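Open the model in your viewer and keep the selection tool at hand. Each stop below says what to select and what is there.

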Amino acid sequence: MRVLHIVTGLASGGAERQLHLLLRHLPSHQQCEVLALTNPGTVAAALRADGVTVHHLDMRGNRDLGALPRLVRLVRAGRYDLVHTHLYRAQLYGRLAARLAGVRAVVSTEHSLHAGVIEGRPVTRGVKGLYLAAERLGCTTVAVSRQVAQTLGSWGVPPARIELIPNGIDTGRYCLPPAERAAARRRLRAELGLPEGSWVVGGVGRLVPGKRFEVLVEALAALDPATRLVLVGEGPERAALERRAVGLGIRERLVLTGERDDVPELLAALDVLAAPSTAETFGLGVLEGLAAGLPVRHSACPALDELPPRAAPQARRIPSEPAAYVAELRDLRHLSEHTADPLPHPPAVGHYDIARVAADLGALYDRLARA
């Protein structure tokens, strides 16, 4: 089976990294290629390093209608059995191009949808109308959480067209042997300029308003001077976060790593993962922190909300306010100041293992291709 994944871009965001991970674990008879409409970033390089063919459409913007015939020609020439689209722009153009090229099996994954927000942007009447029109061109929309599935249903997408398949994590990638983890911790702390004996809070994700990393910057100013904040990711909020840190007199305690493809190793350099976003549709970063053996403080994680509390005892949900994070992080530092050993994997990590998720998606592909 030949499968083409069409994605808006391939920068190092949650949806893009999830696509990369899935392609490593889908059944071997499903031969996948990837097409980025724009911005073939670090994930494109990682995919190519894995031997995956990556196409770049070089689309100039949302209204670059000239990209559509180019996309149709590429899909038709590839003789794909199934097309799978990811993220709003790719969903619009990809579904239409697949239908025009004669592909009957068209799937889309909805990674980031709330009742009034999609991918961090307000949902206008026009945005919603285009979304629903494009949805009808597909066969199935995959929701990454019950929250997303419920939103799709409230928008009028028929339940029979919604498939719940959550995101997954490569559990083994985060479970480093003790000696390897200790070496990675020492090496990366030195690389990031973290002083000996510092206590390190980390956040992972794109530097965009919805992630609310400014909450952690504000909290950092009230924490012990030996505390450092490491933010792993890139985005338009970088300059604003830097300015805020300068204004608070803590710029030397804030480390911005930019895009990285070694997140599992970077997590080993942290003492706690903090996720102040209130607009998550899954909470992949929270699960990655748990898989790395870190205590986690978060403000939204639908993936954990769908499981009993005992599934992740080292994770706690708190308000997305600086004062709440200050109080929790102070308590955590007191409890963990004598050890850097990782915590055991909670049941939630096994529940969302990528092998299970990829098997479910592969079975969906087979079912749709036979229909």
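Select Val 83 and you will find Val 106 of strand β5 standing opposite. Now widen the selection to β4 (residues 82-86) and β5 (residues 105-110), which run parallel and are joined by 5 bridges. Strands pair when DSSP finds at least two bridges between them. Strands here are DSSP runs of E with at least two residues, helices are runs of H or I with at least four residues, and both are numbered from the N terminus.

A word on the source: this is a predicted model, in which local features need pLDDT of at least 70, side-chain atom pairs count only at pLDDT 80 or more, and totals for chains, interfaces and linings use all residues. Residues are numbered from 1 along each chain as its sequence is written, and side-chain values use heavy atoms, with hydrogens and water left out.

**The sheet**

Next, show the open sheet of 7 strands, in the order β3-β2-β1-β4-β5-β8-β9 with parallel pairing. Its edge strands, β3 and β9 (162-164), each pair on one side only. On average, neighbouring strands of this sheet are turned by 25° against each other, direction ignored. Axes are lines fitted to C-alpha atoms, for helices over the stretch in contact, and angles run from 0 to 180 degrees between N-to-C directions.

**Aromatic rings**

Select Tyr 88, Tyr 131 and Trp 155, which form one aromatic cluster. Rings of Phe, Tyr and Trp (its six-membered ring) pair if their centres lie within 6.5 Å; planes under 30 degrees apart count as stacked, over 60 as edge-to-face and the rest as tilted. The count by this rule is 3 aromatic pairs. Why is the pair of Tyr 131 and Trp 155 edge-to-face? The ring centres are 5.4 Å apart and the planes stand at 90°, so the pair falls in that class. Tyr 131 belongs to helix α5 (residues 125-135) and Trp 155 to helix α6 (residues 146-155), so the pair ties together parts 24 residues apart in sequence.

Are these two residues buried or exposed? Tyr 131 is buried at 1% relative accessible area, and Trp 155 is buried at 8%. Buried means under 20% relative accessible area, exposed over 50%, and partly exposed in between (1.4 Å probe, protein chains only).

Go on to Phe 282 and Tyr 352, an edge-to-face pair with 5.3 Å centre to centre and 85° between the planes. Both Phe 282 and Tyr 352 are buried.

**Salt bridges**

A salt bridge is a side-chain nitrogen of Lys or Arg within 4 Å of a carboxyl oxygen of Asp or Glu. The count is 21 salt bridges. Select Asp 50 and Arg 24, a salt bridge with its closest N and O atoms 2.7 Å apart. Asp 50 sits in the loop between α2 (42-49) and β3 (54-56), while Arg 24 is in helix α1 (residues 14-25), 26 residues apart. Asp 50 is partly exposed at 38%, and Arg 24 is partly exposed at 46%.

Then select Arg 260 and Asp 262, whose side chains meet in a salt bridge (2.8 Å, N to O). Both Arg 260 and Asp 262 are buried. For the last stop, select Arg 185, Arg 189 and Asp 271, which are linked in a network of salt bridges.
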